[in-house]
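Biologist: I am new to reading models like this one. Could you take me through it, one feature at a time?

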Amino acid sequence: MNPLFRLLGDLENFIFPPFCPICDNKLKRTDIICQRCFDKVYFVSRKKCKICGKPIKSGKFCASCRKENPFFDFVISCGSYVPPFSDIIKIFKYRNRPSLSKKLARKLYSHYSSRSAVRNINYLTWVPMTKPEKRERGYNQSQLLAEEFSQISSLISTNILCKAANIPSQTALPYEKRLINVRGAYKIREKALKSFKGNPENGIILIDDVLTTGGTLNECARRLKEAGFKKVVGLVLAISP
Ligand SMILES: [Zn+2]
Ligand SMILES: [Zn+2]
């Protein structure tokens with residue numbers, strides 16, 4: 001950065017110190033959200049479904065996973081999609097803060113690295129967006145997380161999925177319609193699959209920002225399994241309770 005701009009930035013921060021958009025506390029110059037808010041990530045329930053990670057009251061699996069096994073094997077997440085973490089994710093997605101991906105990927109990594117069941121997996125991919133969706137937002141938050149995650153871990157990031165056009169946004173739809181909406185929305189990029197250097201038998205990590213119904217992750221996992229990946233592990237920032 002030009003030293004003059006940096007000086008002006010420092011001066012501006014001195015006169016108008018930046019505040020955390022969540023708790024209103026003063027921020028360090030380079031921070032977007034304060035560390036205290038960043039550290040307040042937790043699960044609303046101690047008992048979680050062993051597959052999708054949703055909170056449950058008893059047993060090992062939630063009603064939905066008991067009824068029908070998802071295509072993904074299990075999901076690793078940092079916490080529940082509740083404030084302030086849900087607010088942080090919204091800022092990352094909707095308020096043009098792509099640089100938050102660095103800190104968030106580190107959070108993902110700390111949860112991922114404690115799980116021995118993922119040791120043999122060497123590749124990762126992410127839930128894709130259509131080109132117009134990406135153009136509108138300026139970035140695909142899941143792709144940014146995947147790229148940052150790949151830098152921190154030794155996993156190789158591969159762009160193997162694509163999203164077909166004309167699928168309405170999931171967030172605009174009621175819960176029941178979301179599951180139907182995603183069917184057929186995602187495809188394997190055949191070229192990427194042909195040039196894939198790894199062994200699909202070892203499986204793949206699939207990164208997304210939030211698991212809501214699990215429909216999106218499931219549809220992507222279905223395609224990856226069809227393409228020969230023996231194991232698909234979801235890695236998401238948060239799971240909505
Ligand atoms: Zn804060
Ligand atoms: Zn479940």
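Biologist: Is Pro98 buried, partly exposed or exposed?

Modeller: Pro98 is partly exposed, because its relative accessible area is 29%, and partly exposed lies between buried (under 20%) and exposed (over 50%), computed with a 1.4 Å probe on the protein chains only. Before we go on, this is a predicted model, in which local features need pLDDT of at least 70 and side-chain atom pairs count only at pLDDT 80 or more, while totals for chains, interfaces and linings use all residues. Residues are numbered from 1 along each chain as its sequence is written, chains are lettered from A and ligands numbered from 1 in the order in which they are written, and side-chain values use heavy atoms, with hydrogens and water left out.

Biologist: Where does Pro98 lie?

Modeller: Pro98 is in the loop between α4 and α5; helices (H or I, at least four residues) and strands (E, at least two) are DSSP runs, numbered from the N terminus. Gly138 is 40 residues from Pro98 along the chain, yet their C-alpha atoms are separated by 8.8 Å. That loop between α4 and α5 also holds Asn96. Asn96 is exposed, because its relative accessibility is 56%, and its phi is near 50°, a positive value in a residue other than glycine.

Biologist: How is a helix checked for length?

Modeller: Its expected span is 1.5 Å times one less than its number of residues. Helix α7 (residues 141-152) has 12 residues and should therefore span 16 Å; its end C-alpha atoms are 17 Å apart, which agrees.

Biologist: How many of the residues of α7 are buried?

Modeller: Nine of its 12 residues are buried, so α7 is mostly covered. Among them are Leu144, Leu145, Ala146 and Phe149, along with Glu148. At its N-terminal end α7 is capped by Asn140, with a side-chain oxygen 2.9 Å from the backbone nitrogen of Ser142. That is a polar contact: a pair of N or O atoms within 3.5 Å, where within protein one must be able to donate a hydrogen and the other to accept it, and residues adjacent in sequence count only if both atoms are side-chain atoms.

Biologist: What does the side chain of Thr213 reach?

Modeller: It reaches the backbone nitrogen of Gly215, at 3.0 Å. Thr213 lies in the loop between β6 and α10 (215-226), and it is buried because its relative accessible area is 17%. Within α10, the buried residues include Gly215, Leu217 and Leu224. After α10 comes Gly228, with a positive phi near 110°.

Biologist: What is a nonpolar core?

Modeller: It is a set of buried Ala, Val, Leu, Ile, Met, Phe, Trp, Tyr and Cys residues joined through side-chain atoms within 4.5 Å. The largest one here has 37 residues, and Ile33, Phe85, Leu104, Ile205 and Ile207 have the most contacts inside it. At least two residues of this core come from each of several elements, including β1 (74-80), α5 (101-112) and α7. Its largest share, five residues, is supplied by α4.

Biologist: How many cavities of 30 Å³ or more are there?

Modeller: On a 1 Å grid over the protein atoms alone, a cavity is a set of points where a 1.4 Å probe fits but cannot get out, and lining residues have an atom within 4 Å of a point. Grid points are joined across faces, edges and corners, and the volume is the space filled by probe spheres set on the points. The count is one, and the largest cavity holds about 40 Å³. Its lining includes Phe43, Lys48, Ser80 and Pro241. By class the lining has five nonpolar, four polar and one charged residues; Ala, Val, Leu, Ile, Met, Phe, Trp, Tyr, Cys and Pro count as nonpolar, Asp, Glu, Lys and Arg as charged, and the others, Gly among them, as polar.

Biologist: Which residues does a cis peptide bond join?

Modeller: Pro83 and Pro84, with omega about 0°. Pro84 is in the loop between β1 and α4.

Note on methods. On a 1 Å grid over the protein atoms alone, a cavity is a set of points where a 1.4 Å probe fits but cannot get out, and a pocket is an open set with protein on both sides within 12 Å along at least five of seven lines; lining residues have an atom within 4 Å of a point.
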